[in-house]
Amino acid sequence: MSGFKRLVAMLSVVIALTLTGCSTSPSSGLTSFTDSYDGYRFLYPNEWIEMDASNLTPDVVLHDLIERSENVSVIINPAEAGQTLADLGTPTEVGYELSKRAIAPEGSDRVAELIDAQSRQDEDGKTYYILEYAVTLPDQLRHNIASISMSRDKLFTLNVSTTERRWQEIQDKLRIVARSFFVY
């Protein structure tokens, strides 16, 4: 019987450690945003709130309650019928093009450096490009991660951004946000 008690005690410790580990993982503290009308979803930090984007280009914008410039947004653009991400180019080519046209266009006083460009496929086989940037603004340094995909002749772009000062602290969570983006 003492062996049984020892086994129960060890299992209790293992379960407690597992639960504690789960609560401190980067994905804890995230909640799901779903737009079933436009057909996308993603995770975002619990402490972020949605802002009124009715006068803005993004379909949705959520930002941190305290660090208001820390945000995630989704932009939807029309695409040519049947066009794929591969038709637009490799992740690196698309990343450079996005930096020149949207993140740091000429005359914007911004500079964007493409740090990383990857391709991933979701469980349905849909392709996503994950693009990471260091962005220099006149008054601050920022870090952005974009997740791009195509569905139903539309180009979907999720962008998550924070200041370089906060990047080290929150980067794991923001990477999960970017990789959680799913279009349907």
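**Salt bridges and the exposure of their residues**

User: What makes R175 buried, exposed or partly exposed?

Analyst: R175 has a relative accessible area of 29%. Buried means under 20%, exposed over 50% and partly exposed in between (1.4 Å probe, protein chains only), so R175 counts as partly exposed. The model is predicted, with local features needing pLDDT of at least 70 and side-chain atom pairs pLDDT 80 or more, while totals for chains, interfaces and linings use all residues. Residues are numbered from 1 along each chain as its sequence is written, and side-chain values use heavy atoms, without hydrogens and water.

User: Why is the contact between E132 and R175 called a salt bridge?

Analyst: The N to O distance is 2.7 Å. A salt bridge needs a side-chain nitrogen of Lys or Arg within 4 Å of a carboxyl oxygen of Asp or Glu, so this pair qualifies.

User: What does the pair of E132 and R175 tie together?

Analyst: E132 lies in strand β7 (residues 127–136) and R175 in helix α4, so the pair links parts 43 residues apart in sequence. Helices (H or I, at least four residues) and strands (E, at least two) are DSSP runs, numbered from the N terminus.

User: How do you know whether E132 is buried or exposed?

Analyst: Its relative accessibility is 8%, which is under the cut-off, so E132 is buried.

User: Which residues do salt bridges with shared partners join into one network?

Analyst: They are E70, R166 and E169.
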